[in-house]
Amino acid sequence: MCSWFESIHTCEQLVKLVVRINPQEYYSSIKSLISTCICTLNSLGFILVDLPRRGFPDDDEFFADSVDPWDQTEESPYDNIQGLTAAENNKEDSDTKSYLVLEPDGEFDEEMQDAGEEDDGYLAVNPEWLEEQWKLLSVQPWFRGNPRYTRDDATSELISAPPGSFVVRISQSQPGHYAISAKVTSGKIISMLILPSWAGRDSNAPGKTQYRLGSTSKLLFNTVPRLIKYFTENFYYKQERLRGSVVSEQQEGGYMLLAPTS
């Protein structure tokens with residue numbers, strides 16, 4: 001005969017399977033059922049001291065970025081499209097290029113990233129620095145700084161917007177990352193990660209942190225607004241551009257409005 005702990009563990013594994021099959025429909029009822037079972041067992045004198053304290057996150061956070069609350073194993077919920085290189089962008093749009101157009105601040109080097117872990121100036125996931133950056137980003141019309149703002153919220157906001165519309169939110173599963181949701185020409189809404197990278201000791205990027213659009217991109221930018229501005233002027237995928245304005249930043253290394261000098 002199975003012990004109470006083994007029975008509960010088996011039940012939990014079954015719950016995991018059902019939630020993965022149809023999470024939105026079954027999650028709330030399953031959460032309530034398990035809580036009731038545990039309370040009943042405890043009232044009968046069965047103290048589940050061996051049961052791991054895994055708990056349940058808030059409903060909104062449970063589905064954020066497809067994180068499994070038991071395994072803490074992140075699935076791949078983002079569109080990791082093969083973006084255009086700087087050279088391809090220049091070729092595609094050479095007629096409209098000028099010295100006023102923003103250029104990338106660097107190129108991603110995977111081998112260099114390990115050195116960033118030993119650099120005290122690399123602040124990509126530092127909570128205090130991130131809060132400061134979020135405050136600076138709050139002036140941008142496309143930034144959604146509420147930590148509880150989810151992909152579903154972004155989809156609802158963009159569903160009736162014209163192609164090229166986009167929003168940037170804080171990634172709820174990966175500290176220091178951002179997620180961008182954008183509406184493409186076909187009407188589909190895609191979501192991509194904006195990933196932080198170590199900028200190097202000599203960089204003037206805030207927090208020695210630069211950003212790139214998705215894991216296949218090599219183009220690095222000192223700040224998220226600089227990345228956004230670049231992709232309002234250049235294709236990030238095929239003939240797709242972001243459509244929106246970028247406010248000048250009040251920090252060194254950030255985006256500044258370019259204007260011809262007299």
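This is a walk through a predicted model, from its sheet to its helices and then to its side-chain contacts.

Start with the sheet. Five strands build an open sheet, and their order is β2-β3-β4-β5-β6. The pairing is mixed. In general, strands of a sheet pair through backbone hydrogen bonds, either parallel or antiparallel. Which strands sit at the edges? They are β2, residues 143-144, and β6, residues 209-213. Each of these pairs on one side only.

Now look inside the sheet. Strand β3 covers residues 166-170, and strand β4 covers residues 178-183. These two pair in the antiparallel sense, over five bridges. To find the pairing by eye, go to V167, which stands opposite S181 in β4.

Two helices pack on this sheet. Helix α6, residues 127-137, touches β2, β3, β4 and β6. The direction of α6 makes about 30° with that of β4. Helix α7, residues 151-158, touches β2, β3, β4 and β5. The direction of α7 makes about 165° with that of β3.

Next come the aromatic rings. The whole structure holds seven aromatic pairs. One of them joins F143 and Y178, with ring centres 6.3 Å apart. The planes of these two rings meet at 65°, so the pair is edge-to-face. F143 lies in β2 and Y178 in β4, so the contact ties together parts that are 35 residues apart in sequence. Are these residues buried or exposed? F143 is buried, with a relative accessible area of 7%. Y178 is buried too, at 1%.

A further pair is made by Y230 and F231. Their centres are 5.1 Å apart, their planes stand at 85°, and the pair is edge-to-face. Y230 counts as buried, at 0% relative accessibility. F231 is buried as well, at 3%. Both belong to one aromatic cluster, together with F221 and Y236. Rings can also meet charges. The charged end of R212 sits over the ring of F108, 3.6 Å from its centre.

Now follow the salt bridges. A search of the whole structure finds four. In one, R226 meets D105, and the closest N and O atoms are 2.8 Å apart. R226 lies in helix α8, while D105 lies in the loop between α4 and β1, so this bridge ties together parts that are 121 residues apart in sequence. R226 is buried, with a relative accessible area of 14%. D105 is partly exposed, at 28%.

D119 and R201 form another salt bridge, at 3.7 Å from N to O. D119 sits in the loop between α5 and α6, and R201 in the loop between β5 and β6, so the pair ties together parts that are 82 residues apart in sequence. D119 counts as buried, at 13% relative accessibility.

The side chains of R144 and E157 also meet in a salt bridge, at 2.5 Å from N to O. R144 is in strand β2 and E157 is in helix α7, so the bridge ties together parts that are 13 residues apart in sequence. E157 is partly exposed, at 34%.

End with the backbone. Most residues other than glycine have a negative phi. K208 is partly exposed, with a relative accessible area of 21%. K238 also has a positive phi of about 50°. K238 lies in the segment after α8. At 54% relative accessibility, K238 counts as exposed.

Methods. Residues are numbered from 1 along each chain as its sequence is written. This is a predicted model: local features need pLDDT of at least 70, side-chain atom pairs count only at pLDDT 80 or more; totals for chains, interfaces and linings use all residues. Side-chain values use heavy atoms; hydrogens and water are left out. Two strands pair if DSSP finds at least two bridges between them. Helices (H or I, at least four residues) and strands (E, at least two) are DSSP runs, numbered from the N terminus. Contact means heavy atoms within 4.5 Å. Axes are lines fitted to C-alpha atoms, for helices over the stretch in contact, and angles run from 0 to 180 degrees between N-to-C directions. Buried means under 20% relative accessible area, exposed over 50%, partly exposed in between (1.4 Å probe, protein chains only). Rings of Phe, Tyr and Trp (its six-membered ring) pair if their centres lie within 6.5 Å; planes under 30 degrees apart count as stacked, over 60 as edge-to-face and the rest as tilted. A charge sits over a ring if NZ of Lys or CZ of Arg is within 6 Å of the ring centre and within 35 degrees of the ring normal.
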